[in-house]
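Hi,

Here's the structure I promised to pass on. Have a look at it first, and then read my notes below.

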Amino acid sequence: MKVTIQTKNNIVYITIQGSIDSNTAGELQSHILEKLGSFNRVIMDLTAVDFLSSAGLRVLLMLYRQLSTNGGKVLLVNVSDEICDIMSMTGFINFFELYGSIDEAEKQFI
Amino acid sequence: MTTLDNRIDFYPTNEYQGIKYRRGRVLPFGATLVPNGVNFSVFSSAATSCTLVLFNKNEEDPYAEIPLPDEFRVGNVYAIIVFGLDYENIEYGYRMEGPHDPQNGHRFNRDIVLSDPYAKAIGGRDTWRDISGLNRNYPFRSRLVFDDFDWEEDNPLETPMEDLIIYEIHVRGFTSHPSSGVRHRGTFAAIREKIPYLLELGINCVELMPIYEFDEFEHSHENPDTGDLLVNYWGYSTLNFFAPKAGYAATGKYGMAVDELKTLIKELHRNGIEVILDVVFNHTAEGDHRGPTISFRGIDNKTYYMLTPDGYYFNFSGTGNTLNCNHPVVRNMVLDCLRYWTSEYHIDGFRFDLASILGRAQDGSPLNNPPLLESLAHDPILAKCKLIAEAWDAGGLYQVGVFPAYGRWAEWNGKYRDTVRKFLKGEHNTVGQLSQCMQGSPEMYLHRGTTAGINFITCHDGFTLYDLFAYNEKHNEANGENNQDGCNDNFSWNCGWEGETDDLAVNLLRHRQIKNALTILMLSQGVPMILMGDEMGRTQYGNNNTYCHDSSLNWLDWSLVQKNFDLLSFARHIINFRRQHPILRNKEHYSNRDYKESGYADITFHGTKAWHADWSESTTVFAFMLDGHHAKNGFVKDDTIYVAANMHWDALDFELPQLSENRKWHLSVNTSMMPPETFYPLNSEPALENQSGFIVGGRSVIVLIGK
């Protein structure tokens, strides 16, 4: 897994490559929390994520919970059909807004 | 570093083959995620040592075996915290050392890696009927699960018992048929897709046939005639009481069955539908002394099973062994398990398979005051749960009407089933019994109220409702036991032809009988239960014991929605009728008195002559009237309802009781009529032209409302 986190116009952009599972979830979580600071608007680009395990989905949900307590939200971009299906069957999808591109997601924050 | 990270027990004290660990906590039993590691705790009364065995998923051999130092044992409980585990990708088990002395009840064997009786998930059958796991050395390995599901505002619904309408579902059977049109057939996720159907049907509770992990390949064999593989389809053979059946989850192969099941329950609750689990605590999948050793037998045989004096297995379940339910340790396990499902999965109630076994002592004798049943009834966490007993066992105990209830327990009312079936086929000498059934069986449950009885005419075990009127005899040849298995007392009637026929008159009569049956069920006091598919005429072609068929014999064919739409629309109407009329859902029994001074007693009985019920032996007609002033035991006002059932072959003229207060009789249901005149939607029921009499067709039921 590879993560890049950038901040622009008060939006935190997280781009992930690879799989998020119990091996990488802990690292991802601490990495995000470290960079998140007081920002509460997150766009997470999952274009290059091929698998999200149960632990991976929990990192996303943790982020959602963290942000929703201070009025923010996390938008997911380019979630693959398979991951979308898994998120739907396991209920995680109800917590997120999904968008087809970063541009589309950015519009939600304007 | 937060203060929590400072606890010294978050860090290891020992190391063995590169794995770091320390002394664990004895409670809770099972494997629990703790900071930096996993706490493992297991009980055995007679083991002399315990080794924790760790596997990587998908690897045949363990990657580590950690013998627990004796100082990690407290009493008879072994506990260890292991650090740095990849909790999504490990599997675990135990080797227990101890005497192999069957005569004295001990069957330890350190060659076998045993699954944890408290495991929250079991690997090995992640995808239904996937044969890749069949030849593994240790097929059923324990796994770790997350217990942090986000339920948001969800809680068990606590629907009053008298308002429940239960729908019995087999998870695979409900959506496995190609006609189901769902994305992932035969799964928890697929049931979610069918919620709109359930809502339209009108039920408010689903009872799921066993969803604890079981092995569908147990005793599997080919049918010699057809070559079909016969499997353990029903699943009444538990491998582990805390683990959901992974193969029932579309995400089972990703290890997410727990989340998928919880999501289903949350979604059902959001739609006002409760979830009852059919639970099997009377035996396990380990069989008798010839069966496999998977868990309990190797962990602590003498504690978990009822043993004969010479160390063999009592067989009150008919499956080889009997769980030792009233042993204090096993009792606690059952309690822990139900508390877990109630609190972690938000389950609304439990139906206990062969529950009479739960009332037997360790030597098998029936107890007067069974501690397990009493504990469950008074448990603080289970306090609002529905507890439903199948009040008999395979050892000859039959407790319908006398099951130790402690003011809580309800029972599957087997007498209701038999009586209604006999009445519907026109047997004599049934009307007296039928009147009891329609009142919620006060002859059995006088002091327990109407909700002590779950009324049903069919369930998974036996004929479907359609087959009840299409077969005189069972046809179980496909089970491969020469038609010797399955019940012989079906009280069924084929309406003139055995099996499928093109004869229009026979088919019309069958449909009418199904409508008669559904009407009687929905207009009885007590808690009605419908078998999945009966509302659309599902057939098992006369097979009354389909436990082994993973095929279209058991899968609900959704094309029946169109084919038998008259049945489905009728079922929707009569279920909705029950929900709209509180008089049908009294919690206390009728008193046969007019305590509201309305001019009518709460219930009155009639025959072809009003006010004159015919209780003679040869009668096949029965009519009764419920006075609307006495709805919900007099606290609510409803319409008055009159029901006449004529199981004589020919039409009969029924004199109607006269209504007071300028009210008129209106027609809701007449099963002798063809659609669209079989029933009238709520609030558009036509007033009868003749208010003093009604000709009820042969083998038909009418429902009138007085308003």
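Which residues have the most contacts inside the largest nonpolar core? They are B:Phe350, B:Val643 and B:Ala644, and the core they sit in has 227 residues. Before you go further, keep in mind that this is a predicted model.

Now zoom out to the whole of chain B. It's divided into three parts: domain 1 covers 3–143, domain 2 covers 161–582 and domain 3 covers 600–706. Going by C-alpha atoms, the centres of domain 1 and domain 2 of chain B are 34 Å apart. These two domains do touch: 32 residues of domain 1 of chain B are in contact with 36 residues of domain 2 of chain B. On the domain 1 side, the strands β4 (37–43), β9 (90–97), β11 (106–107) and β12 (121–123) of chain B each supply at least two residues.

Last stop is where the two chains meet. Here 12 residues of chain A are in contact with 17 residues of chain B. Helix α4 (residues 257–270) gives the most to chain B's side, with 4 residues. By class, chain B's side of this contact has 7 charged, 6 nonpolar and 4 polar residues.

Technical notes. Residues are numbered from 1 along each chain as its sequence is written. Chains are lettered from A and ligands numbered from 1 in the order in which they are written. This is a predicted model: local features need pLDDT of at least 70, side-chain atom pairs count only at pLDDT 80 or more; totals for chains, interfaces and linings use all residues. Two residues are in contact if their C-beta atoms, placed from the backbone, lie within 7 Å. Ala, Val, Leu, Ile, Met, Phe, Trp, Tyr, Cys and Pro count as nonpolar, Asp, Glu, Lys and Arg as charged, and the others, Gly among them, as polar. Domain bounds come from an automatic or database domain assignment. A nonpolar core is a set of buried Ala, Val, Leu, Ile, Met, Phe, Trp, Tyr and Cys residues joined through C-beta atoms within 7 Å. A residue is buried if 20 or more other C-beta atoms lie within 10 Å of its own, exposed if 12 or fewer, and partly exposed in between; C-beta atoms are placed from the backbone.
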